[in-house]
Amino acid sequence: MTGNLFLAGGFVAALAAMLLCSLKTKSSTKKIRLAAAASMSLIVAASLYLWILIFANDFSVEYVAGYSSTQLPTMYKISAFWAGQQGSFLFWLLIHAIAGVVLVFRRAHEKSLAIYFFLQSILIFLVLSKSPFAENPVTVVEGVGLNPLLQDFWMAIHPPIIFVGYALLAVPISLSLGSLLVDAKSKIWLEPARKWTLLAWSFLGAGIFVGGYWAYKVLGWGGYWGWDPVENSSLVPWLLTAVLLHLINLAQKKSAVLPVAHIAAVFAYSSVIYGTFLTRSGILGDFSVHSFAGSNIGLAISVANAIILIGGLAIIFVKAKNFPQGKMYETFAEPAFIILLSSLLLIFIAAIVWLGMSMPLLTQLVGQPAAVDENFYVKSTAPIAAILFALVIYSFVKFGRMISLGGKIAHVGFILGLAAIVISSRGETVTQEFSKGVEFEIAGHKIIYGGQILEEDARQKFYVYEIDGQEVRALTKLRGNGEDAAREPAILKTFGGDVYVAPHPKNLDAQEIILTRDKLEMDGEFLYTFTGAQIDYDKKNNPVRATATIEISDGNVSKKIQLLIIVTADGGNSKSVEIFDGRRRVRLTGISGDLTKARLEILPTLDELSNLPITSTVSTKPFIWLLWFSVSIICFGTLIAIKKFFPF
């Protein structure tokens with residue numbers, strides 16, 4: 001409730017700032033600043049309050065129970081803030097509000113500020129539509145925790161970097177439309193818009209690259225980009241922002257380019273909202289591993305997208321007759337034509353990607369929803385990318401002296417990156433069943449599987465490989481009940497490229513036995529006696545934990561153990577227990593309400609697991625490091641460009 005009150009106050013303050021900017025008077029400047037600062041302060045307060053709830057393990061809040069737990073490390077408690085749909089929207093809003101205050105104190109035009117705070121009001125409304133402060137309908141003593149796949153440094157920083165880029169893209173569209181409302185021929189907005197666009201583009205690009213590295217390092221499928229619809233939903237804004245950046249640069253020299261620069265600003269931000277709609281409406285639930293579950297927020301986002309896109313284009317249409325006249329370029333040989341042609345090619349790629357990621361929605365409108373496969377993107381974008389590659393090289397040869405240092409470095413990184421994508425895709429892939437200790441030669445490399453190692457805390461295990469005499473390990477993160485949760489491949493990095501090994505362990509069927517209180521049961525080797533149980537309830541009579549006492553005997557020695565199930569937001573959590581020096585491993589999976597029966601799983605021992613053969617996919621990635629190096633070059637060039645134009 002407290003968090004929602006903060007957000008409601010921020011909403012009122014944002015509306016006040018919008019109205020004050022729209023009805024600008026000589027005495028309203030101070031009031032605008034106060035309203036903007038108040039809105040930001042209340043949004044900051046809501047954000048801090050959510051973090052307080054997460055660190056306090058307040059599982060009475062549904063979001064906290066769904067994305068945090070008492071066992072979650074500090075770094076991932078921080079990232080739990082933006083791990084879910086509601087929290088990520090709040091983080092987006094937080095960055096938007098901070099940027100809004102910067103705009104106000106940098107004295108952006110009142111018309112632009114009015115549009116910016118209108119967008120801020122929309123974002124607050126969306127956060128309130130599906131609030132991260134909603135009460136948990138059930139009582140639990142332990143939260144689900146962060147998805148093990150997300151418990152990685154790169155994934156912890158990937159979403160906030162992306163959302164910073166999303167938030168900052170609201171500035172160029174606000175400056176663009178605000179300028180149109182005042183004077184369609186004005187170029188004053190171009191320079192500040194260029195700075196903000198450059199910053200937004202750099203964050204978007206860095207976020208995409210970090211996500212790609214995470215996918216390569218963690219997911220174990222052998223690549224860094226799968227053309228997943230959710231991946232594409234961040235790629236399209238990045239491509240359109242690159243177009244916007246180049247058109248802004250050109251519009252400063254060619255007034256005739258102003259109209260398309262305005263259009264690019266509208267479409268760049270609208271593509272962000274549209275991608276958000278696709279990923280959060282549930283439409284992609286059957287087509288993307290990243291998509292959020294469906295919710296009623298999808299309708300609200302679609303309405304917001306329509307308002308922004310249609311409203312922005314309507315302003316451009318009304319002001320069209322006032323745009324400056326002239327030619328965008330004089331000859332095909334001049335830089336302006338190359339920039340426009342390159343921008344057009346980027347738009348073509350963005351349109352293809354947009355069509356592909358929208359296919360589940362488009363096909364659903366006429367029948368059964370369906371998605372395109374990876375070949376659609378590769379075959380349709382590769383020829384365009386090749387032409388773009390040639391154009392960039394031509395530009396360097398012909399007009400290199402006219403490109404800034406930062407621009408030169410970033411474009412060199414782009415060229416190198418395209419080359420690295422092609423080179424690294426020429427590797428070999430072989431799937432092989434490995435027996436422990438047996439050497440196999442695959443793709444010119446000698447590989448030996450060394451078995452499994454389970455860490456003492458039973459939170460993760462490793463598949464050990466020896467590649468050309470060097471040990472590498474594939475990591476598997478385990479759930480609280482000991483089941484596999486997330487896998488990371490084993491990667492041997494060399495100058496010639498990576499050797500990438502992804503294990504595919506078989507699903508082992510555990511033996512299940514039902515124990516009746518005070519009656520003997522046997523699994524073929526051991527005797528089991530269920531001697532007692534207890535279920536603890538909360539004040540609302542909801543179960544929170546269950547404990548069973550079981551006596552196990554091998555015929556000579558008897559051991560009494562206690563097994564525990566912790567009730568979590570997604571069901572239950574129980575760990576396996578080793579007994580008789582590892583000769584038996586058991587796990588409690590259920591207790592009847594009358595405490596007369598218990599369900600037990602008999603699991604393979606750790607020695608048995610370690611000696612099992614393992615099927616693994618071995619891939620070679622020639623000079624894959626060139627791709628990561630090219631990304632670093634792009635980022636370095638962008639930093640130089642940002643340093644040139646900031647602080648502002």
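User: What am I looking at, and how are residues numbered?

Analyst: This is a predicted model: local features need pLDDT of at least 70 and side-chain atom pairs count only at pLDDT 80 or more, while totals for chains, interfaces and linings use all residues. Residues are numbered from 1 along each chain as its sequence is written, and side-chain values use heavy atoms, with hydrogens and water left out.

User: Which residues touch the most other members in the largest nonpolar core?

Analyst: F81, L90, W92, L93 and Y269 do, in a core of 132 residues. A nonpolar core here is a set of buried Ala, Val, Leu, Ile, Met, Phe, Trp, Tyr and Cys residues joined through side-chain atoms within 4.5 Å. Buried means under 20% relative accessible area, exposed means over 50%, and partly exposed is in between, with a 1.4 Å probe and protein chains only.

User: Which helix gives the largest share of this core?

Analyst: Helix α10 (residues 229-251), with 13 residues. Helices are DSSP runs of H or I with at least four residues, strands are runs of E with at least two, and both are numbered from the N terminus.

User: And what is L93 in contact with?

Analyst: Leaving aside neighbours within four places in sequence, L93 is in contact with L7, I43, Q120, L123, I124 and V127. Contact means heavy atoms within 4.5 Å. Another core, of 22 residues, lies apart from the largest one and has F530, I552, I561 and L563 among its members.

User: Over to strands. How many bridges join β11 to β12?

Analyst: There are 10 between β11 (residues 527-537) and β12 (residues 543-553), and the two run antiparallel. Strands pair if DSSP finds at least two bridges between them. T529 has E551 in β12 as its bridge partner. The hairpin has five residues between the strands, and N541 takes a positive phi near 65 degrees there.

User: What about β12 and β13?

Analyst: Also antiparallel: nine bridges join β12 to β13 (residues 558-568). A546 stands opposite I565 in β13. That hairpin has four residues between its strands, and G555 in the turn has a positive phi of about 100 degrees.

User: Which other residues have a positive phi although they are not glycine?

Analyst: N57 is one of them, at about 55 degrees, and D468 is another, at about 50 degrees. As background, most residues other than glycine have a negative phi.

User: Where do those two sit?

Analyst: N57 lies in the loop between α2 (29-55) and α3 (62-67), and D468 is in the loop between β4 (460-467) and β5 (470-478). N57 is partly exposed at 25% relative accessible area; D468 counts as partly exposed too, at 39%.

User: Switching to helices. How far apart are the end C-alpha atoms of α15?

Analyst: They are 28 Å apart, which agrees with the 28 Å that the 20 residues of α15 (residues 405-424) should span at 1.5 Å a residue. The expected span is 1.5 Å times one less than the number of residues. Its buried residues include G406, G407, G413 and G417.

User: How many disulfides?

Analyst: The count comes to zero, taking a disulfide as a pair of cysteine sulfur atoms within 2.5 Å.

User: Last topic: how many aromatic pairs?

Analyst: A search of the whole structure finds 38. Rings of Phe, Tyr and Trp (its six-membered ring) pair if their centres lie within 6.5 Å; planes under 30 degrees apart count as stacked, over 60 as edge-to-face and the rest as tilted. Y213 and W628 have ring centres 5.1 Å apart and planes at 90 degrees, so that pair is edge-to-face.

User: Which helices hold Y213 and W628?

Analyst: Y213 lies in α9 (residues 190-219) and W628 in α17 (residues 625-645), so the pair ties together parts that are 415 residues apart in sequence. Ring pairs also link F153, W154, Y213, Y216, Y224, Y500 and W628 into a cluster.
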